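Subject: Structure handover

Hello,

Here is the structure you are taking over. Please open it next to this message and follow along.

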Amino acid sequence: MESVSGEAGNFQVEVVNHPRYIDPDKCTGCGVCKQHCPVDAIDEFNQGLCRRTATYIQYAQAVPLSYTIDRDACIGCGLCEKVCLAQAPLYDDHENRQTVEVGAIVLALGNEVFRPDELAAYNYDTHPNVVTSLEFERILSASGPYQGHLLRPYDLQEPKKIAWIQCVGSRDVHHCSNSYCSAVCCMYAIKEAVIAKSHSHSGLDTAIFYMDMRTMGKDFERYYRRARDEYGVRFVRCRVHSIEPVDDGNLSISYLAEDGGIEEETFDMVVLSVGFQTSKKVRELAGKLQIELGPHDFARTSSLAPVTTSRPGVFVCGAFQGPKDIPQSVMEASAAASAVGTVLSEVRGTMTKSREVPQPRDISGEPPRVGVFVCHCGINIGGIVDVPAVRDYARSLPYVEYVADNLYTCSQDTQLLIKEAIEKHRLNRVVVAACTPRTHEPLFQETLIDAGLNKYLFEMANIRNQDSWVHDDPEEATEKAKDLVRMAVAKAALLEPLRDSEIEVKEGALVIGGGIAGMSAALSLADSGYHVDLIEKEGELGGNARKLHLTWKGENVREILEKMIRDVENNPSITVHLNTELKNVDGFMGNFTSVIENDGKEETIEHGVAVVATGAGELKPDEYMYGKDSRVLTHLELDQKFLQDDPELEKINCAVFIQCVGSRESERPYCSRVCCTHSVQSALEIKKRNPDASVFILYRDMRTYGEREDLYHEARAAGVIFIRYDVENKPTVSVKNGKLQVEVIDHVLGKPVMLEPDLLTLATAIVSPGDEKLAQFFKVALNEDGFFVEAHAKLRPVDFATDGVYLCGLAHYPKSIDESIAQGQAAAARAMTLLARKKVEVSGMVATVNPFLCSSCGVCVAVCPFNAPSFNDRGVSEINPALCKGCGLCVASCRSGAISLKGFDEPQIFAMIESL
Amino acid sequence: MSSDFEPRMLGFLCNWCAYAGADLAGVSRFQYPPTLRVIRVMCSGRVDPIFLAEALKAGYDAALVLG
């Protein structure tokens with residue numbers, strides 16, 4: 001992007017397409033050019049750990065799968081042009097400038113990782129066995145420099161002992177100026193250690209050297225505990241002094257242990273957990289765009305509008321907004337889409353193009369002609385299973401007309417090959433033997449559609465997840481692959497074309513919960529032109545935010561809340577229902593009918609989507625003298641005093657905060673995410689009112705993640721004292737002579753310290769009521785901690801597994817106000833993907849009743865969990881395809897054999913069983 | 001029965017739980033004997049008892065329903 005002119009709704013963006021020197025439209029990704037290229041260049045994608053040619057592709061799954069020429073490395077020999085059958089090389093390709101007209105801009109510019117070259121004490125520059133975490137990711141990858149074998153660069157031997165050093169280029173103002181926490185490194189280091197152990201052949205010893213273990217994401221704390229207790233990953237709390245080479249490529253780490261002593265330990269290999277930073281290029285781009293950056297060069301945003309930059313119409317998501325992990329980035333991406341939708345709602349649909357799909361071929365009367373494609377999946381399958389043998393075996397099976405094996409059957413070029421094979425050999429059934437249909441069936445079905453075949457004429461044999469990955473004997477794995485292919489072919493021959501049915505989507509949305517997240521979702525939906533019914537069980541909007549004082553960025557929560565409530569109440573598209581509860585929900589995606597109750601009066605609401613924003617609460621603890629002494633408060637209670645500007649606060653001489661009250665313990669083994677920041681901020685507020693007050697924070701790990709780390713710095717500079725305690729040795733609270741006494745073992749001295757605070761604040765857990773009733777209404781799941789379970793932690797963080805229902809706020813997991821607002825926007829964006837379609841297609845794999853065989857016994861009506869079967873006016877069962885999930889419960893239960901399940905019908909399953 | 005008898009098994013696995021679990025076992029590289037063949041169903045409720053009889057008749061030593 002060169003420049004941007006204009007304003008929100010009407011930008012002119014000048015973009016430059018850099019030359020690729022190979023025409024992506026002609027390149028088939030076959031790789032012959034690469035095989036002939038004589039040039040040796042550094043493979044940047046693999047972090048310089050191996051070499052590549054000058055005509056290259058970054059990695060096998062790249063989109064588009066077309067090669068490019070690195071002209072800085074190219075010697076101009078002309079070989080690639082000679083060998084390319086597609087005549088794709090374009091040596092005189094040049095820079096292409098164009099101006100695009102857009103209404104809004106989303107910046108997803110990302111970050112670079114810190115380069116540890118200048119940290120002389122870590123010897124990264126001088127020793128090959130000191131690698132960055134990104135280099136180690138490549139080492140672990142099957143498409144990496146060592147094909148996924150755990151080897152160290154120095155001698156290509158398998159390391160037996162690996163150390164991770166945390167906070168390299170993060171939380172560090174001595175070697176660099178990145179004072180913030182990068183928020184992802186603790187979790188990825190644990191993951192790398194666990195995966196490295198599984199790649200090792202010799203019981204790998206792993207140790208993570210860290211300051212605070214920051215596993216504050218959903219289910220992260222459990223992963224940390226499992227890594228420690230089940231996988232035996234060692235965690236060493238310390239400050240690393242230096243990494244020095246010793247004999248045989250090994251490295252000695254000297255570190256300052258928590259008790260102040262210097263210790264040393266030798267490892268075969270050291271991984272530096274490098275953090276994020278905004279690159280120079282991105283800073284320059286931000287300058288061109290005239291958007292403001294914050295103190296750490298991340299895009300400046302506010303808690304109220306977390307994906308909105310300082311320039312109207314320009315939005316931001318991902319790590320350029322602040323250091324964050326994948327779930328948070330994906331969620332923010334949806335939030336940015338929602339914010340864009342608000343700006344562009346008036347012109348929605350004006351530039352839509354409909355996809356041209358060929359009319360499906362009529363295959364009735366044709367004998368089955370099956371094509372079988374066997375995937376190597378790089379070495380994932382091919383490394384164990386003899387893929388060519390499976391391919392040749394498939395050729396011998398009945399009805400098989402065409403067979404092929406592919407390096408990656410899912411790659412873009414293979415889709416073209418499949419399409420060509422379908423057309424050329426008039427295939428009418430396709431079997432892919434590769435990974436799991438759970439992830440890849442839709443992709444191949446699209447290829448069938450493009451080739452003019454009904455998408456249900458497809459079957460997969462799972463020879464990766466359920467074969468090559470779980471069996472190490474090549475012969476037996478190959479035999480199993482053949483069996484699975486034979487079973488799939490037997491079923492495929494009996495497959496029939498099926499038709500998806502269409503259902504209408506009702507316009508409106510129901511948002512359950514009128515807290516910050518629910519209001520954010522409601523406003524986003526309403527501003528995009530959809531009607532919202534917002535229900536709140538209490539008498540006013542706002543939820544927990546009514547009791548909060550400041551956001552972590554220092555904004556006044558009350559102001560944010562008042563603005564949101566005003567906007568909600570003044571928005572003609574939002575109907576607010578206070579003191580209202582949900583009584584019943586009927587229907588399905590696009591067609592919900594819900595009954596709400598207010599003061600004994602029931603009302604029915606029709607809606608297309610629902611957003612669950614029911615929130616969570618603060619734990620009222622039964623320890624540390626809470627409820628027994630008025631000086632012991634929870635965070636929300638202390639915030640109440642701040643909000644009232646209680647004059648007593650100025651008189652506090654000693655304040656103590658205890659962290660992890662009810663969190664990270666066996667009863668509630670999750671981190672409540674917000675409490676460390678909350679305590680640090682409250683400690684600063686007390687210091688502000690009385691700079692001479694002694695303030696202590698008793699913690700287990702300080703988790704002021706991301707830019708919240710600034711508050712931690714500030715608090716230490718202001719003289720707040722941090723004392724670490726172990727969960728086995730928790731502080732004790734008692735009252736003696738009317739004085740509150742807190743005793744804690746000091747982590748440096750190893751001796752008990754007695755504090756006598758005027759105020760003891762407990763950073764209590766965020767607890768979810770675990771709304772079973774709501775979970776049943778929408779057929780969604782709660783996890784063991786009572787939080788709702790999203791469809792996929794990383795890829796679908798605000799969707800439920802049930803279509804048409806979305807999730808945001810504390811009901812998902814503890815989070816801060818800005819995160820709740822972004823998640824509300826994200827849930828709205830996901831809901832709009834359904835609302836904007838007006839009609840949706842539902843799967844053709846449904847049950848149908850043969851009315852002539854139905855004996856009207858009613859078993860199907862009774863057993864169906866989705867209420868799909870009902871008696872029609874002729875008294876026989878009929879199944880609503882929109883409600884049917886294709887589970888087949890009714891089919892197996894039908895005594896008359898009247899129900900069949902398309903796609904999983906009896907003859908098809910029998911064919912699979914009998915093909916032994 | 002000899003002690004090295006390895007039964008050949010046919011499993012009917014629910015797409016949403018057991019089949020997903022078998023996929024995850026792969027992702028986690030859990031090794032298990034290669035004597036199980038799998039038929040994916042969208043719900044273990046789909047499995048008609050006759051399928052199990054048919055599996056035994058076809059020559060499998062055991063049939064499993066996982067869901």
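This is a predicted model: local features need pLDDT of at least 70, side-chain atom pairs count only at pLDDT 80 or more; totals for chains, interfaces and linings use all residues.

Chain B

Chain B has two helices and three strands. Read from the N terminus, its elements follow the order β-α-β-α-β. Along the principal axes, its C-alpha atoms fill a box of roughly 35 × 30 × 15 Å. Of the 67 residues in chain B, 43% are buried. If you take the contacts in chain B between residues at least 6 apart in sequence, 79% of them join residues at least 24 apart.

Where the chains meet

How many residues does each chain give to the contact between A and B? Chain B gives 30 residues and chain A gives 32 residues. On the chain B side, the elements that supply two or more residues are α1 (18–27), β2 (36–41) and α2 (49–58). The largest share of that side comes from α1(B), with six residues. Sorted by class, the side of chain B that touches chain A has 18 nonpolar, five polar and seven charged residues.

Two packed helices are described by the angle between their axes and the distance between the axes. Both values are given for each pair here.

In one pair, helix α13 (residues 516–527) of chain A packs against helix α19 (residues 817–835) of chain A at an angle of about 40°, and the axes are 7 Å apart. That angle makes α13(A) oblique to α19(A). Their crossing is right-handed. On the α13(A) side, the residues in contact include Ile516(A), Ala517(A), Ser520(A) and Leu525(A). On the α19(A) side, they include Ile817(A), Ile821(A), Gly824(A), Ala828(A) and Met832(A). By class, this contact of α13(A) with α19(A) has 10 nonpolar, seven polar and no charged residues.

In the other pair, helix α16 (residues 675–689) of chain A and helix α17 (residues 709–717) of chain A have axes that come within 9 Å and cross at roughly 40°. The helices α16(A) and α17(A) are therefore oblique to each other. The crossing of α16(A) and α17(A) is left-handed. Here Thr677(A), Val680(A), Gln681(A), Ala683(A) and Leu684(A) of α16(A) meet Leu711(A), Tyr712(A), Glu714(A) and Ala715(A) of α17(A). The contact of α16(A) with α17(A) has six nonpolar, two polar and one charged residues.

Nonpolar cores

The largest nonpolar core has 181 residues, and the members that touch the most others are Val270(A), Phe315(A), Ala522(A) and Val611(A). Which element gives the most to this core? It is α19(A), with 10 residues, the helix that packs against α13(A). A second, separate core has 85 residues, among them Ile381(A), Val403(A), Ala492(A) and Ala898(A).

Phe315(A) is one to select on screen. Leaving out residues up to four places away in sequence, Phe315(A) touches Ala104(A), Ile105(A), Val106(A), Leu107(A), Val307(A), Thr308(A), Thr309(A), Ala336(A), Ala339(A) and Val340(A).

Ile253(A) sits in strand β14 (residues 251–257) of chain A. Is Ile253(A) buried or exposed? Ile253(A) is buried, because 22 other C-beta atoms lie within 10 Å, and the cut-off for buried is 20 or more. Apart from its neighbours within four places in sequence, Ile253(A) is in contact with residues including Ala163(A), Phe209(A), Val240(A), Ile243(A) and Val270(A). Ile253(A) and Tyr122(A) are 131 residues apart in sequence, yet their C-alpha atoms are 8.9 Å apart in space.

Asp248(A) lies in the loop between β13 (234–245) and β14 of chain A. Its phi is near 55°, which is a positive value in a residue other than glycine. Asp248(A) counts as exposed because it has 11 C-beta neighbours inside 10 Å, and exposed stands for 12 or fewer.

Asn579(A) also has a positive phi, of about 50°, and is not a glycine. Asn579(A) lies in the loop between β26 (574–577) and β27 (580–588) of chain A. With 13 C-beta neighbours inside 10 Å, Asn579(A) counts as partly exposed.

Regards

Conventions. Residues are numbered from 1 along each chain as its sequence is written. Chains are lettered from A and ligands numbered from 1 in the order in which they are written. Two residues are in contact if their C-beta atoms, placed from the backbone, lie within 7 Å. Helices (H or I, at least four residues) and strands (E, at least two) are DSSP runs, numbered from the N terminus. Ala, Val, Leu, Ile, Met, Phe, Trp, Tyr, Cys and Pro count as nonpolar, Asp, Glu, Lys and Arg as charged, and the others, Gly among them, as polar. Axes are lines fitted to C-alpha atoms, for helices over the stretch in contact, and angles run from 0 to 180 degrees between N-to-C directions. Angles under 35 degrees count as roughly parallel, over 145 as roughly antiparallel, 65 to 115 as roughly perpendicular and the rest as oblique. A crossing is left-handed if the near helix is turned anticlockwise from the far one by less than a right angle, and right-handed if clockwise. A nonpolar core is a set of buried Ala, Val, Leu, Ile, Met, Phe, Trp, Tyr and Cys residues joined through C-beta atoms within 7 Å.
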